[in-house]
Amino acid sequence: MKKTLADALDARGYTTLTAVQEAVIAPETVGKDLLVSAQTGSGKTLGFGLAIAPNLLGEADVFDGADAPLALVIAPTRELALQVKRELAWLFEKAGAVVASTVGGMDMRDERRALARGAHIVVATPGRLRDHIMRGSIDLNALKAVVLDEADEMLDLGFREDLEFILESAPSERQTLLFSATVPAAIAKLAKSYQRDAIRIATTSGEKQHADITYRALRVSGRDGENAIINVLRYYEAPNAIVFCNTRAMVNRLTTRLSNRGFSVVALSGELTQGERTNALQAMRDGRARVCVATDVAARGIDLPNLDLVIHAELPSNQETLLHRSGRTGRAGRSGVSVMIATPAVLKKAQRLLGWAKLSAEWADAPSAEDVMARDEERMLASPDWHEAVSEDDKSTVDTLTTTFTPDQIAAAYLRLYRERHTAPEELSDVNEAPKPRVAFGPSVWFSVAGGRAVGAEPRRLLPMLCKAGDVSRDDIGAIRIQPDVSLVEIREAAVDGFLAAVGPAMTVEDGAALTRLQGVPTFERAPHRTNSPRTTDKKPFARDDTPKPPKADRPKTERPKGNRPGTTRPVDWNDDPAPRTRKPKAGAKPAAKKWAKPAAPSDPAVHKARKPRTGKPNSAGKPTGAGKPKHAHRDDNVSRGPKPPVGKPSSKKNRARQAAAAKQRGSGYPSRKPAKPRGGK
């Protein structure tokens, strides 16, 4: 290891390296392509920084002047890229490295100016880096190493084409490192295409995964999900905590709820700008915020120094996301807690996720308000402030307090001030409590209230009116039956005296509605079922004639007049005169020809002129085609065919009859079926 890098590790307090860091700096891996799979929180960022250092520095301990980039580090998200930049900056600080970043959401002009000034290492997201390559604002000719961090996540996010474009644009003689939590088939294919004799390093173990993380699955009722989150935050009082949600809407809702309850909270989701997301994470690092409500955009690569608690407000969709979410805590040897909120609707899903991820969780009920108060008392008594000596500046104030107030008063005041600094916990319903059996209403007295279905009376309006007028609770009122003119109400017998006293001797309730006490149980009239009644109009409906009709054979036959009224297309009505009416022809007009005239004689030359025989051209075989044959071999062209048949709808009986009559009148000139046309010479 280079001396400058060793000094940087010592300054940061690193005494030992993790398994993946030891593996990538082994002598047999120096300068080689690596395919590394390691669990989250295992120090992969520092690992690939140490792995590329020998190739970048060579024999020297410090870098020369910054010019074209020597190394590219590609990360899937902006937050992870900026975090990698910070890690590499302090690691290579004593070596004089210049680290630049190109990520989406930042000003591209500033990035171009930084690249123009020169940088040894560039940390980028795939889309923005491809834009710089296509615009020619970054020179890749001097590249010696390319690192793909969280490669499986980049492929899941659809960056495959961008990654292939970047790797093809880089020089072929380079060191390529792929770091991924898992190595699916797509990662293996990418490694085979763009790596040369890559060394496979695997430090993951499904059974020993997240050994420093305690998993807890908390059973809560369906309506206490958000209340349970508040109690969990109060129970652990972690310096930093992340609450994961599946949607932006849930992030906004939960952020508002926690802020109203007094938590210092920030939100982190894809709808925020890069500046807002950076400020949110910086507030968590500075201690200005203690809780971060986030979507899965924060599930990978985010490293907060004091993150001890992860809460899954909504369960993830798969076990890999569960591992990455939980991996935000328990990093680099620290311990942490991952809590799953399991309502009855997602109880089975929580069990499946834990089984798929090969994790064992402690199942319990969510901490109640009493549990939170007891934990507060433990933390209060365990505070080191009780064992510190009284300073000279505070001695006079302490003496004044002890002489003015009793020990009980001082302790009570301290306890009140301590609880005011913390938000109150929520009361949770017992998830194991069986539903209460329905209790019989018991003896009762019936009353009638003036006004029923006719005036629109409804139980939802009568119930609050009777409770207010009779000073009774809704549990003292039993059945309510709406009748046509009155409403019948059942009141518990034990509450009748108080009800009558509150109503008064006038026996009236709201709006002067009269109240009458009934003897015994009244009879009820069922409300009529709603039916789709026909529309009513102002016209008088037709009277129905129920007189039975005589048999069809006995009915008198009536003839309907045939044809249309002359000069119109309207059929003759039953009341019209069946006698046809003629119209006088105009002066000088020619008499109209009959529509179905008898065809002329075939021998009449004025009607049809005999056609010349057809002569065809010889075909390829030299034989004439159709020479001396009539055009239509199936009929005699010298026979007059008469007028054209009428064109009408084939489904019309009248048209079919006319066509049959015309065909019979023409004779055999038009057969019923036309044979196929012969082809000459074939």
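What share of the 682 residues of the protein chain count as buried? The value is 38%, where buried stands for a relative accessible area under 20%, exposed for over 50% and partly exposed for the range in between, with a 1.4 Å probe and protein chains only. The model is predicted; local features need pLDDT of at least 70 and side-chain atom pairs count only at pLDDT 80 or more, whereas totals for chains, interfaces and linings use all residues. Residues are numbered from 1 along each chain as its sequence is written, and side-chain values use heavy atoms, with hydrogens and water left out.

The protein chain contains 20 helices and 18 strands, taken as DSSP runs (helices H or I, at least four residues; strands E, at least two) and numbered from the N terminus. Of the contacts (heavy atoms within 4.5 Å) between residues at least 6 apart in sequence, 74% join residues at least 24 apart.

In soluble globular proteins, nonpolar side chains tend to be buried together. A nonpolar core is here a set of buried Ala, Val, Leu, Ile, Met, Phe, Trp, Tyr and Cys residues joined through side-chain atoms within 4.5 Å. The largest such core comprises 40 residues, and Leu 88, Leu 91, Phe 92 and Ile 121 have the most contacts inside it. Helix H3 (residues 44-57) provides the largest share of this core, eight residues. With residues up to four places away in sequence not counted, Ile 121 touches Leu 56, Ala 71, Val 73, Leu 88, Phe 92, Val 98, Val 99 and Ala 100. A second, separate core has 28 residues, among them Leu 35, Ala 151, Ile 166 and Leu 190.

The structure holds 25 salt bridges, each defined by a side-chain nitrogen of Lys or Arg within 4 Å of a carboxyl oxygen of Asp or Glu. In the pair Glu 362 and Arg 216, the closest N and O atoms are 3.9 Å apart. This pair links distant parts of the chain, 146 residues apart, with Glu 362 in strand E14 (residues 362-365) and Arg 216 in strand E8 (residues 213-219). Glu 362 counts as partly exposed at 42% relative accessibility, while Arg 216 is buried at 16%.

Glu 226 forms a salt bridge with Arg 253, with 2.4 Å between the closest N and O atoms. Here helix H10 (residues 225-236), which holds Glu 226, is linked to helix H11 (residues 248-260), which holds Arg 253, and the two residues are 27 residues apart. Glu 226 is buried, with a relative accessible area of 15%; Arg 253 counts as exposed at 51%. Both belong to a network of salt bridges that also includes Arg 257, Arg 261 and Glu 426. Arg 460 pairs with Glu 458 at 2.7 Å between the closest N and O atoms; Arg 460 is exposed at 64% and Glu 458 partly exposed at 28%.

The second largest pocket has a volume of about 540 Å³. A pocket is an open set of points on a 1 Å grid over the protein atoms alone where a 1.4 Å probe fits, with protein on both sides within 12 Å along at least five of seven lines; lining residues have an atom within 4 Å of a point. Grid points are joined across faces, edges and corners, and the volume is the space filled by probe spheres set on the points. Of the 16 lining residues, Trp 386, Val 398, Leu 401, Ile 410 and Tyr 414 are the closest to the centre of this pocket. Helix H16 (392-404) and helix H17 (407-420) each supply at least two lining residues, and H17 gives the largest share, seven residues. By class, the lining has 11 nonpolar, three polar and two charged residues, with Ala, Val, Leu, Ile, Met, Phe, Trp, Tyr, Cys and Pro counted as nonpolar, Asp, Glu, Lys and Arg as charged, and the others, Gly among them, as polar.
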